[in-house]
Protein chains: 2
Amino acid sequence: MSKEVNKKITIKDVAKEAGVSISTVSNALNNVNVLHPDTKERILEVARRLNYTPNLNGRNLKAQATGVIGLFLGAIRGPYYGELSDSIYSACIDGGYELEIFLSSDPSHIVANILGHRVDGAIILNSAIGKRQEEILRSQGIPTVYIDRILVDDKSSSVVFDSKSGGEQAAKFLLELGHKSFMYIEGEDDNYDSIERRKGFFEALKRAGIEIDKDYILKGAFERQRSYNSVTDFLDSGKPLPDAVFAANDLSAIGVLEALRDGGVKVPEQVSVMGCDDIETTRLVSPSVTTIRTFFEKQGALAVEQLIRMINGEPGELVTLKGRIIPRDSTIAKDL
Amino acid sequence: MSKEVNKKITIKDVAKEAGVSISTVSNALNNVNVLHPDTKERILEVARRLNYTPNLNGRNLKAQATGVIGLFLGAIRGPYYGELSDSIYSACIDGGYELEIFLSSDPSHIVANILGHRVDGAIILNSAIGKRQEEILRSQGIPTVYIDRILVDDKSSSVVFDSKSGGEQAAKFLLELGHKSFMYIEGEDDNYDSIERRKGFFEALKRAGIEIDKDYILKGAFERQRSYNSVTDFLDSGKPLPDAVFAANDLSAIGVLEALRDGGVKVPEQVSVMGCDDIETTRLVSPSVTTIRTFFEKQGALAVEQLIRMINGEPGELVTLKGRIIPRDSTIAKDL
DNA sequence: TAGGGGGGTTAAAACGTTTTTATCCCCCTA
DNA sequence: TAGGGGGATAAAAACGTTTTAACCCCCCTA
């Protein structure tokens, strides 16, 4: 069980084999049009034959720009991150950049990777990042796009779903269906979207003269199981049902649906339920879930666009996406 | 719009600020216990104050081993890759390695990244990789784990779900429920799992004296919509319904469910349906879908384990995971 | 024939680390 | 007092690139 030493092919090997200097090889590979066509062709042939692949550490060490964009996530599982990552990837390629994805929930580790890899820019979707890390990135002038918080300056952009307006839309939609009493299932504590959705929802209801009692604000943590439990506890308490439930995201709404079904409550006949995000599963469960599409594929493309703008020297911006209500079977007009 | 030059803090800056040489700084940072405690403390303080972060390109250029494992995927979206990636990440951390994820469907680009980043090992889940790339990796002695194909040698391991046995399990389960006539929804063409699942399913049925007619083998391509369309076309043809449908994966099974529902066929009363993989959605739809759990979280951990074994000089292995039937509401015993 | 010019190639420096080897200085001992 | 030893620090080489500046030849022109 010995760690084998595997000699990798370097530019030096190619040079020796082709009988030229390493600068000549470099020129041949990088298409600097200064070489004799025959020399160039010979070198390329040798490189191909030896399966030469440039050591990117060497290249990036020398280069002032690496051509790499880094995406920093806390985790990938779930219905959200995969789509987002794929769309970010496409946008990077279209923009002429490479993408590298780093998973981590340790803030200083994340910063070490951003700085250490000398990425040209970073896209961050990670609630673990704190003030101190933001400050370091700013002070070192790394172009950064945040997707789950708002922070805008010369080198920082934010691309966020307008969650407050989402909450307002939900309230408006449910009010127009004639509902009068409501329940809200909260998202994760301290989460930007969670806070804003609640704010928008509550303010819109207030404008319509409606307040929500504390007992009708339940914990959901953006999770299905957590929401299921909260609603089940509520049903056990015997309090009167609300006309409608707005959950901070779709997973949560699906948990609500299950809890109501298991509790013998008919949706949408007795209670209307709606979520937010429009993940695929909302279409597959029955009843299908009314929700707000947040276009998170688009968020990826916009994030990359912002990042490339900043890499090119332009200042950061705040980009906001509005949602759109997708009516499905879990909501129905209240018959009076 | 000028590309700004951002001078990054290097070890040299720290050395100058602390009034020592760069070797001393390096020693301080890497905990080589040879420095005077005061010097060390002073240097660490300066490094912290300047937000110094080592340039990994420099470090990796020098090092013979980078401590990095690379995960190479064609895409992340969907219910599968996210979970897998997360579990690979955890296993890497536990094993003392960093993980970097690269998205790409261009085979030579993938090889360029594996070799170019000098990762200590690679995990590949990408059907785009071909013989030529496998050969290059082998010839350069890069420890590699394949998750969607079988290739085993000194530096290559494979960690795959035993799809053939999965197909057999499905057949056995449905036969025991008393079903006599079957439909199979195929996965993606040329895909390892698709081929094996079919083989296992068909062979087990054959042993029971049952053959499936060509008209009852439908295209599904592992996709929900594609499967929906195929089944809908089948219903339109007016041919007699089978007792049970086995779909090559869960997404496909869900598409079948929808098509049957929309075609007025009751599941499981008229037709039993089962899938494979046990993605979360199978629990959420109604009826919930009977399926075979493939433990793809475990696959990640096993892949990393194999990789680390090979990095330490041991030869590759074939690791096979057996599935387990998860009975749910979409299957029922045939009443005779 | 001397000088200039230019096409083709190479030498050398630089990027930021780590690591091996050298240096320095002080104290101890003979 | 000379020499040795050892603790602390520094110098220098090396990793694999890219790039700038230099070089070498040959041909052309004056």
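1. Start with A:Asp278, which you'll find in the loop between strand 9 (272-274) and helix 12 of chain A. This is a predicted model, and in it the phi of A:Asp278 is near 65°, a positive value in a residue other than glycine. Why pick that out? Because most residues other than glycine have a negative phi.

2. Stay in chain A and look at the peptide bond from A:Ser286 to A:Pro287. Is that bond cis or trans? It's cis, with omega near 0°. A:Pro287 sits in the loop that joins helix 12 to strand 10 (291-293) of chain A.

3. Now hop over to chain B, where the bond from B:Val267 to B:Pro268 is cis too, with omega near 5°. The loop holding B:Pro268 runs between helix 11 (250-262) and strand 9 (272-274) of chain B.

4. Next up, a pair of helices. Two packed helices are described by the angle between their axes and the distance between the axes. For helix 5 and helix 13 (residues 296-311) of chain A, the axes come within 8 Å and cross at roughly 35°. The crossing of helix 5 of chain A past helix 13 of chain A is right-handed. On the helix 5 side of chain A, the touching residues are A:Glu83, A:Leu84, A:Ser87, A:Ile88, A:Ala91 and A:Cys92. Helix 13 of chain A answers with A:Phe296, A:Glu297, A:Gln299, A:Gly300, A:Ala301 and A:Val304. Sort that contact by class and you get seven nonpolar, three polar and two charged residues.

5. Time for the place where the chains meet. How much area do chain A and chain B bury between them? About 5700 Å², with 49% of it on carbon and sulfur atoms. In chain A, the residues that lose the most area to chain B are A:Asn57, A:Arg118 and A:Leu284, together 12% of what that side buries. The contact draws 63 residues from chain A and 62 residues from chain B.

6. What about polar links across that boundary? There are 20 residue pairs in polar contact between chain A and chain B, counting pairs with both residues at pLDDT 80 or more. Several elements of chain A each supply at least two residues to the side touching chain B, among them helix 4 (56-62), helix 5 (81-94), strand 2 (98-103) and helix 11 (250-262). By class, that side of chain A divides into 23 nonpolar, 23 polar and 17 charged residues.

7. Last, the charges. Side chains of opposite charge can pair when their charged atoms come close. Six salt bridges span the interface of chain A and chain B. One to find yourself is A:Asp86 with B:Arg77, whose closest N and O atoms are 3.4 Å apart. Over all chains, the structure holds 54 salt bridges. Within chain A, A:Arg198 pairs with A:Glu186, the closest N and O atoms being 2.3 Å apart.

Terms used: Residues numbered from 1 in each chain as written. Chains lettered and ligands numbered in written order. Predicted model: local features only at pLDDT ≥ 70, side-chain atom pairs only at ≥ 80, totals over all residues. Heavy atoms only, no water. Contact = heavy atoms within 4.5 Å. Buried area = accessible area lost by both parts, 1.4 Å probe. Salt bridge = Lys/Arg side-chain N within 4 Å of Asp/Glu carboxyl O. Polar contact = N/O pair within 3.5 Å; in protein donor to acceptor, adjacent residues only side chain to side chain. Helix = DSSP H or I, 4+ residues; strand = E, 2+ residues; numbered from the N terminus. Nonpolar A, V, L, I, M, F, W, Y, C, P; charged D, E, K, R; others polar. Axes fitted to C-alpha atoms, helices over the stretch in contact; angles between N-to-C directions. Left-handed = near helix turned anticlockwise from the far one by under 90°.
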